[in-house]
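The sequence and structure come first.

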Amino acid sequence: MKFFLTSGRTIDQGVALEGQKLGRENIKACAICEFDKDDFKKLDCMIGTPVKVTTKFGEVVVYSQITEQGPHPGLIFIPMGPWANAIIDPETYGTGMPSYKGTDAEVEVVKSGKILSALEIVKSYK
Amino acid sequence: MSKIELTLKKEPTFSLEAESISPDNFKGKTQKDIGALRVFHGNEKLSLKDFFDIKGTAGNNLDDIEIVVNGNLSKVKRIGEKMSGGAITINGDVGMHVGNTMSGGKIVVNGNAADWAGAMMEGGELEITENAGNYVGAAYRGNWEGMTNGVIKVKGSVGYESMIWARGSTPKKRFPKLICGSAGQFLGLHNHGGIIICEGDAEARVAADQARGFVVVKGKIGRMMPSFKKIGEVSEIELPDGEKISDKFIEYSGDHATSAKTKGRLFVAK
Amino acid sequence: MAKVVKEDVVCPFCGTLCDDIKIIIEDNEIIEVDNACAIGTAKFYSSNVSEHRYTKPMIRNNGKLEEASWDEALNKAAELLANAKRPLSYGWSSTECDAQRKAVELIEICGGILDNTASVCHGPSILAIQDVGCPTSTLGEYKNRADLVLFWGSNPVHAHPRHMSRYSDFIRGYFRVDGRLDRTIIVVDPRNTHTAQIADMHIKINPGEDYELFNAIRAILRGAELDVKKVAGVPVKQIKELVEILKSCKFGVLFFGLGLTMTKGKHRNVDAGISLVRELNDHTKFNLTPMRGHYNVSGANIVFTWSTGYPYSIDFSKDYPRYNPGEFSAVDILKTNDFDVTLVIASDPASNFPKDAVINMLKKPLISIEPHKTPTSEMADIVLPPAIAGIECEGTAYRMDKIPLRLRKVKNAPEGCMADAEIVEKLIEKVKELKGE
């Protein structure tokens, strides 16, 4: 399914970044993709089932979730962190600021995808 | 004619600040003098001869000097900065700020140019045969007066925020002009009398916040600014510098966000 | 050991810099944090020694980070910096002003690039302010006077959890005696955020079309009739309603967040926002303040500006400071591989930068000054563990409205940790020695 991806802060992400970046907390807070309630029904899966989010710039597997901050049909949200940053548009258009918010994305449900930790994602870049 | 040929012999690892490559700096210099001109490679202070093979000498008449630069110059910045006469031909892709603040003479880039090509130009001509990056002919950070005169021609596309804050003046006969193949967002933002002709499509936010000036788009605009108002249809446009374009266009006035009685005009092909 | 209670402590997390935190310490360990939000509380607790915290400098040997002495680690870091031809330094926003001041000196000596986190945060806001100005005021003024609060692309419930209760929403002010009831709250956001859910009006905008909406509002404010029925997914009728509300308030304030700076248009979205605020001042009193993220990112901009003339993205390679985001900004420098060493302090670019930039950063030597284990520090070649500013050492920080507040020391740093400023000072000495200055 096609969506428009945006990223940003959440309070859980904020709590997790204080000294727990390598921990489970960070995965729980940031390795998630929030869907609109009706969009999620169309995915036809249980809450928490891993989904693969693919953009022009990469792909990442994260846990699915229904948003509390909806409705926002057609829009998906991944909290800021290495998971979102694996797939956002790095183009700065000469401003220094990558386009963190606003990229077209494709989502598919994966039954047995491994969700990497923050460090595992970064290690895979080396 | 005095011709100087520079050929890149060693690719720079970091960006190479080479504002020394301009007819104004080469004027009256021997091959040896030219080779000794300063370039910055990261924080290293080096000379032109460390990176370029140099052939020829420059005469004393600025307008007779022709510089040819060859090689992959995509990391070489500021070629032709502040030049006031003569000519530069660049064979290959070139780095940022080519021809910025130039006031005379001509630069031809046979290849692509990175961001800030012809930024704040005051005169002369800059031609790019392929694509250019963002901020073509733009105002530097915080400046309210960008390009004030001269012509930039880009055969391919220009990036975001090209020709922003242009300052033209019909009484003073200053007509900053950009001709491009296609454009990214914010083409002619904050335009104050600049002339822009886009031969193809423009992405969005064309002529946003335009106070006065002319923007002509011969292709389509991806997303039109809501603060522009349709005036009517025209079959010929006469630009302030005398050029006429005959074709069917829809004429818009705007940007009404910046002034209720804006003198800005936007023409989009019908 | 007896419990020690510290009151009126300033929280070093976000740009709101709440200054009413109560901390209870026992045996140099924080055992209670009162008044702070969830994130601030987590930050204070994170200073307690745990497996997440470095207490010794580390150097990478044969691919593994191993404990080292301060001298060894500092010497190695100084050597990397002194020999670098294009060193990049990034971070500096989650530390105090003294360290930031020394940062300028260090990077100037090294002839490198100095960038702070504004470059991927409110850097675009600064660019816009440099273009079109900034009618602004302090948070206290807003608290006492504002009867209209407009949050645009900002979700304080999540990012600045106590902002609304302290300054912008529920708090009673001198002229706003009924607190929330005396204020109209409007939120512009593509999502029905938690902030939008407690607002009086939510304008659901299409993502990435902020610029169009701003200019439509400005055109209507100037009396123009638009040719279109809808702008950015918002009916023109609703925009007209909004314009009336904006015009008729007594004192309005626009708080904007990364919803403007990170979407396409970036600083131009802010440019249009500022222009709107400027034009609203023809009708009423209106101000704006960017919702700054890191607690002292404002300070980093201010300190860098008074020492170099520029707020961020500064290049010292020519011995004098030059400024150009997009050219000297960390993400662009990394993406174009235009560096040879990276010094990261108080920041985690491995987590927060786009993939392309991180891949390049990991190819070259990386020095990290960081109290906690982060993806950046764990991938670094040298880790220097600092005391946490505002908890374990004093300093000054600037709030989002550019008010300086004194940070306090509430507990001792773990043995072996040095203040950021001290670490940078030592690096300066050693680099100077190596460069023969």
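Domain bounds, as used here, come from an automatic or database domain assignment. For chain C that assignment gives domain 1 (3-45), domain 2 (58-121 + 295-435) and domain 3 (123-290). The model is predicted: local features need pLDDT of at least 70, side-chain atom pairs count only at pLDDT 80 or more, and totals for chains, interfaces and linings use all residues. Residues are numbered from 1 along each chain as its sequence is written, while chains are lettered from A and ligands numbered from 1 in the order in which they are written.

The centres of domain 1 and domain 2 of chain C, taken over C-alpha atoms, are separated by 25 Å. Contact means that the C-beta atoms of two residues, placed from the backbone, lie within 7 Å. Domain 1 of chain C puts 15 residues into its contact with domain 2 of chain C, which puts in 15 residues. Strand S1 (3-9) and strand S2 (21-26) of chain C each supply at least two residues of the domain 1 side; helices (H or I, at least four residues) and strands (E, at least two) are DSSP runs, numbered from the N terminus.

Between chains, 43 residues of chain A and 56 residues of chain C make up one contact. On the chain A side, strand S1 (2-8), helix H1 (11-17), strand S5 (75-79), helix H4 (82-85) and helix H5 (118-123) each supply at least two residues.

Chain C also has 29 residues in contact with 25 residues of chain B. Helix H9 (210-221) and helix H4 (123-132) of chain C each supply at least two residues of that side, and H9(C) gives the most, with six residues.

| Side | Residues by class |
|---|---|
| Chain A, touching chain C | 20 nonpolar, 18 polar, five charged residues |
| Chain C, touching chain B | nine nonpolar, eight polar, 12 charged residues |
| Domain 1 of chain C, touching domain 2 of chain C | 10 nonpolar, three polar, two charged residues |

Terms used: Ala, Val, Leu, Ile, Met, Phe, Trp, Tyr, Cys and Pro count as nonpolar, Asp, Glu, Lys and Arg as charged, and the others, Gly among them, as polar.
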